[in-house]
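Colleague: Could we go through the side-chain packing of this model together, one question at a time?

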Amino acid sequence: MNGRGGGGGGGVGVVGAGGEEQMEMEEDGAGLRARVAAGRKERVVLMWGYLPGVSPQRSPLLGPVPVRLPAAAGGDGWRDVCGGGCGFAMAISESGKLLTWGSADDMGQSYVTAGKHEETPEAFPLPSDVAIVRADAGWAHCVAITDEGDVYTWGWKECVPTGRVISDQSSGGTLEKDERQSAIAADQGNSITVSPRSQVSRTSSGAASGPSESRGTDDSTKRRRLSSTKHAPESSTSSDENLSAPPCVVTFNTGVKIMAVAAGGRHTLALSDLGQVWGWGYGGEGQLGLGSRIRTVSSPHPIPCIESALYSKDRPAAMKGNKSAEAQISKVMGNCVKAIACGGRHSAVVTDSGALLTFGWGLYGQCGQGNTDDVLSPTCVSSILGVKMQDIGAGLWHTTVPKLVDASSLENKNARAVSCGARHSAIITDEGEVFCWGWNKYGQLGLGDSMDRNVPCSVPVDAYHPLNVSCGWWHTLVLAESPT
């Protein structure tokens, strides 16, 4: 749900011109170890919010707490933070290990997805020769990139590419009708071959248990264009393991090298080194940007981001056929994508020209199009077209028409990193300050209490110097340098 392909959660947070790229995050493990040898300060990870396996009685952490690496790490250090999913946290070590922690054994699917790691950060069981450089998590699935550009993913089966096509969706039917038809086809053992445009794959799905607020209200459920995954009763770990797919390598076209990934509620985006976006998973509200309410894409599919924005049926009639106007718009839109983010049920990308494109579920205005309609194809957020965006983050269902975050606490400050949780946001300024705002029932703002904030508030991090921030669904992680 985070910037630079970080993610899980729905609304959008962006960093405009003036935000810096943290180039040190691009260094390989050898480069980082060299900096350590040269006397770089020790890095630490600070956490706060709801991580049930970390604190006694599962009480929320209301303020920043250092995360201790296990003795078994053998001198390994922290490289970056990756937020995490529903009730679990993720970070990357300097040696390229993906470390997970924070879940509890009754968290169901999330516990399995997190590697069953509770209080102590442990390496997720990926192949020993794999070095992870980027990672992200959705509700209960994860995706990670190696230093070779390979992509691993695991968790909820419907979020993990299978390549299998076992049912079809009629183009004009409702979800309820399609579910009945698919169920009948499955019961009869039918296998239907369909075109890539209507390709779907029905797999088992489950729901992770957690704070009840995450399930939404009856009113919002009724207004959804498509219903969500049905929440099942809390089940045993063995049952949840049956719903979970183990880590697998995602197959792309020959020559494609992935540089960034983002995980949403039940969908995933990947960004190649050439600026092409790929997507897979659930797309019922348009979050895969393929122009339809396709139920499930079971293998990576290229998303025509720039093309869709340029040739959308919603573009002004005066521009259609006007080569001069189209050339100007093409310049504004850019040539490729440079940043991606996934919300709970929507997606957002930033192009090389700084334009912001969104697509997916729009009930709470999270696509920024000035209405509550779902957006089925990548569409430019025209209200901020003149502002060059640098980075992006998406949460679960943030609402609002895009506007500048106008707060006295941020006067004369520039954001260099942004991240969104399910219902809260966080930034780091050029001066290394952390600001959070939004929902705070579980202490995810790190302000020492559980009161919501509607303006950015400074998070006290003592003498630590923050380098990066990444939000999970109900928690926040900060990578920082130790004062000593």
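Modeller: Leaving aside neighbours within four places in sequence, Val277 is in contact (heavy atoms within 4.5 Å) with residues including Leu269, His301, Val337, Ile340 and Val349. This is a predicted model, in which local features need pLDDT of at least 70 and side-chain atom pairs count only at pLDDT 80 or more, while totals for chains, interfaces and linings use all residues. Residues are numbered from 1 along each chain as its sequence is written, and side-chain values use heavy atoms, with hydrogens and water left out.

Colleague: How many residues has the largest nonpolar core?

Modeller: A nonpolar core is a set of buried (under 20% relative accessible area, 1.4 Å probe, protein chains only) Ala, Val, Leu, Ile, Met, Phe, Trp, Tyr and Cys residues joined through side-chain atoms within 4.5 Å. Val277 and Phe252 are among those with the most contacts inside the largest one, whose size is 36 residues.

Colleague: How far is the sulfur of Cys436 from the closest cysteine sulfur?

Modeller: Cys436 is buried, with a relative accessible area of 0%. A disulfide requires two cysteine sulfur atoms within 2.5 Å, and the closest cysteine sulfur, in Cys471, is too far for a bond, at 6.1 Å.

Colleague: What is the angle between the planes of Trp139 and Trp473?

Modeller: Rings of Phe, Tyr and Trp (its six-membered ring) pair if their centres lie within 6.5 Å, and planes over 60 degrees apart count as edge-to-face. Trp139 and Trp473 form such an edge-to-face pair, 5.0 Å centre to centre, with an angle between the planes of 85 degrees.

Methods. Buried < 20%, exposed > 50% of the residue type's maximum accessible area, 1.4 Å probe, protein only. Phe/Tyr/Trp six-rings, centres within 6.5 Å; stacked < 30°, edge-to-face > 60°.
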